[in-house]
Amino acid sequence: MLQIATTLLQIIAFLAEHKEQIKKLILDIENLIPTTSGNDKAMIVRNFIATSLGMEAQIEQAWPYVSGLFNDLVAATKRPA
């Protein structure tokens, strides 16, 4: 459980530190592959985060705890200004 908590905190910190980059990535993916399912697009961003943090093996267990926060970020990014 400690490993999941540590991974979760690392992901949250990454999202906070790189919020604008992740928003740009979300919009770029949306523009490049608009007909791809939302789950596949989210997987691309999730894999980007995992690779950036070097935690490809751990992200699967922690993602359910952070997915709501990530989904809110995606919704805020895609919301019309």
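This is a predicted model: local features need pLDDT of at least 70, side-chain atom pairs count only at pLDDT 80 or more; totals for chains, interfaces and linings use all residues.

**Salt bridges, pair by pair**

Mentor: Let's start with arginine 46, which forms a salt bridge with glutamate 60; their closest N and O atoms are 2.9 Å apart. This pair links distant parts of the chain, with arginine 46 in helix α3 and glutamate 60 in helix α4 (residues 59-78), 14 residues apart. Arginine 46 counts as buried, at 11% relative accessibility, while glutamate 60 counts as exposed, at 51%.

Numbering runs from 1 along each chain as its sequence is written, and side-chain values use heavy atoms, with hydrogens and water left out.

Now the rules. A salt bridge here is a side-chain nitrogen of Lys or Arg within 4 Å of a carboxyl oxygen of Asp or Glu. By that rule the count comes to five. Buried is under 20% relative accessible area, exposed is over 50%, and partly exposed is in between (1.4 Å probe, protein chains only). Helices are DSSP runs of H or I with at least four residues, numbered from the N terminus.

Lysine 41 forms a salt bridge with glutamate 30, the closest N and O atoms sitting 3.0 Å apart. Lysine 41 is in helix α3 and glutamate 30 in helix α2, so the pair ties together parts that are 11 residues apart in sequence. Helix α3 covers residues 38-53. Lysine 41 is buried, since its relative accessible area is 10%; glutamate 30 is partly exposed, at 25%. Leaving aside residues up to four places away in sequence, lysine 41 touches Ile29, Glu30, Ile33, Pro34 and Thr36 (contact means heavy atoms within 4.5 Å).

Aspartate 28 makes a salt bridge with lysine 24, and here the closest N and O atoms are 2.8 Å apart. Both lie in helix α2 (residues 19-32), four residues apart, about one turn of the helix. Aspartate 28 is partly exposed, with 30% relative accessible area, and lysine 24 is exposed, with 52%.

How values were computed: Helices (H or I, at least four residues) and strands (E, at least two) are DSSP runs, numbered from the N terminus.
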